[in-house]
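Here is a short report on a protein model and its ligand shell. Look over the fold before reading on.

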Amino acid sequence: MNRSQISDELQKLVQARVLTDEPLKPYTTWKIGGPADWLVTPADETELGQVLSLCRRLELPWLVMGNGSNLLVGDKGVRGVVIRLGRDFSRMVWQDDRVEAFAGLLLRDLAEAAASRGLAGLEYVHGIPGSVGGGIRMNCGAYGGNLSTCVTSVKALSYDGELLELPRERIDFAYRNSSLFDLDAVITSVCLKLVPGDKEEILAKMADFQHRRETAQPLEYPSCGSTFKNPEGDHAGWIIERNDLRGHRIGGLQISEKHGNFLVNRWDGSADDARRLIEWTQEKVMELEQIELTPEVRFIGEFI
Ligand SMILES: Cc1cc2nc3c(=O)[nH]c(=O)nc-3n(C[C@H](O)[C@H](O)[C@H](O)COP(=O)(O)OP(=O)(O)OC[C@H]3O[C@@H](n4cnc5c(N)ncnc54)[C@H](O)[C@@H]3O)c2cc1C
């Protein structure tokens, strides 16, 4: 089957929501990234199942992205089908202190809805610009709290078309990592149990975290947040700062003057600039302190 026949097949499944050779740059917070062969947005689980089934039948590579806030997409783009979750995946279904949050929902919206109900537990993730699906897979967190703390189960649709429901006990969560990476599946929703609390206190905590972010982080420039994971007992940002690496620039990317772990895209840089700046920082830190920095950001697609 040739490219245009594949586009037609995809188009039949998800109607107007197939974009061919679509640059991924606008869909990432770093504002970097080459084109996806096909960017497909299934509206609901049925369409998602059909798209995965077509990928299987035609042996097309595929991957799912959330809000693109932890991705470095190569300049040559991504071969195959990139899935973004559409309409139905932004829902949340509440029952008392429990919620089923669908994977495309933004963490900010989920945390605000919880706060408005006087439910605590999501204040930590309010300022993280990711989706529920990306957030749980990455086990995102901040200020001592992680998204996984309140999770009771995760639902997913496997590449083979199987609906999975994984109870919390069957998932291993680690620092910015989880066993959900081993699943060949799209996470469709996450079930959470929150803790009744005082609405004003919850809102005040969220406002405090937001203030701390605005004070410490260069939120005015495109980035992927913290580029490197914190090594045991230390902070990647502090290591970069105490070795005077801030301000170093490669192409359009710069190590932020404000926060050492933020590599900001100040001058419309490329994935190659970002990759080279990441490698430069790793080499310097290894040379100066013999510490290995591991990227937190996930590399996808083809690089120059
Ligand atoms: C300014 C800024 C601040 C940040 N602060 C923090 C912070 O405080 N703490 C923190 O932990 N992170 C932080 N981040 C990083 C990022 O927001 C988180 O890692 C977030 O969880 C990524 O979610 P996403 O939806 O953007 O996922 P993406 O970046 O789109 O994807 C991340 C990974 O998840 C996978 N994925 C996404 N959706 C699904 C799905 N439905 N099913 C299966 N796999 C999926 C992708 O394939 C990819 O491997 C920050 C980023 C920025 C830009």
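## Terms and basis

Helices (H or I, at least four residues) and strands (E, at least two) are DSSP runs, numbered from the N terminus. Two residues are in contact if their C-beta atoms, placed from the backbone, lie within 7 Å. Axes are lines fitted to C-alpha atoms, for helices over the stretch in contact, and angles run from 0 to 180 degrees between N-to-C directions.

The model is predicted: local features need pLDDT of at least 70, side-chain atom pairs count only at pLDDT 80 or more, and totals for chains, interfaces and linings use all residues. Residue numbers start from 1 along each chain as its sequence is written.

## Domains

Three domains divide the protein: domain 1 (3-84), domain 2 (89-214) and domain 3 (218-300). Their bounds come from an automatic or database domain assignment. The centres of domain 2 and domain 3, taken over C-alpha atoms, lie 27 Å apart.

Strands count as paired if DSSP finds at least two bridges between them.

β2 (residues 35-40) and β5 (residues 78-84) run parallel and are joined by four bridges. Tryptophan 38 has valine 81 in β5 as its bridge partner.

## The five-stranded sheet

Another open sheet has five strands, ordered β6-β7-β15-β11-β12, with antiparallel pairing. β6 (92-95) and β12 (163-167) stand at the edges. Each has a single partner strand, so one side of each is left without a neighbour in the sheet. Here the twist averages 15° from one strand to the next.

β15 pairs with β7 in the antiparallel sense over five bridges. In that strand, cysteine 191 stands opposite glutamate 100. Seven bridges join β15 to β11, again antiparallel. Leucine 192 in β15 stands opposite valine 151. β15 is mostly covered, with seven of its nine residues buried (20 or more other C-beta atoms within 10 Å of a residue's own; exposed means 12 or fewer, partly exposed lies in between, and C-beta atoms are placed from the backbone).

Helix α2 (residues 45-58) lies across β11 and β15. The helix runs at about 50° to β11.

What does β11 (residues 151-158) share with β12? The two strands pair in the antiparallel sense over five bridges. Serine 153 stands opposite proline 167 in β12.

Is proline 167 buried or exposed? Proline 167 is exposed, because 11 other C-beta atoms lie within 10 Å. Proline 167 and leucine 54 are 113 residues apart in sequence. Their C-alpha atoms are 29 Å apart in space.

## Positive phi in two loops

Glutamate 59 is found in the loop between α2 and β3. Phi of glutamate 59 is near 55°, a positive value in a residue other than glycine. Glutamate 59 has 7 other C-beta atoms within 10 Å, so glutamate 59 is exposed.

Aspartate 96 is in the loop between β6 and β7 (98-102). Phi of aspartate 96 is also near 55°, a positive value in a residue other than glycine. Aspartate 96 counts as exposed, because it has 10 C-beta neighbours inside 10 Å.

## Around the ligand

How many residues surround the ligand? The shell holds 32 residues. A residue belongs near a molecule or strand if its C-beta atom, placed from the backbone, lies within 6 Å of it. The closest are Gly66, Gly130, Gly133, Gly134 and Gly225.

The elements that give two or more residues are β3 (62-65), α4 (132-138), β9 (141-142) and β15 (185-193). The largest share, five residues, comes from α4. By class, the shell has 15 nonpolar, 14 polar and three charged residues. Here Ala, Val, Leu, Ile, Met, Phe, Trp, Tyr, Cys and Pro count as nonpolar, Asp, Glu, Lys and Arg as charged, and the others, Gly among them, as polar.
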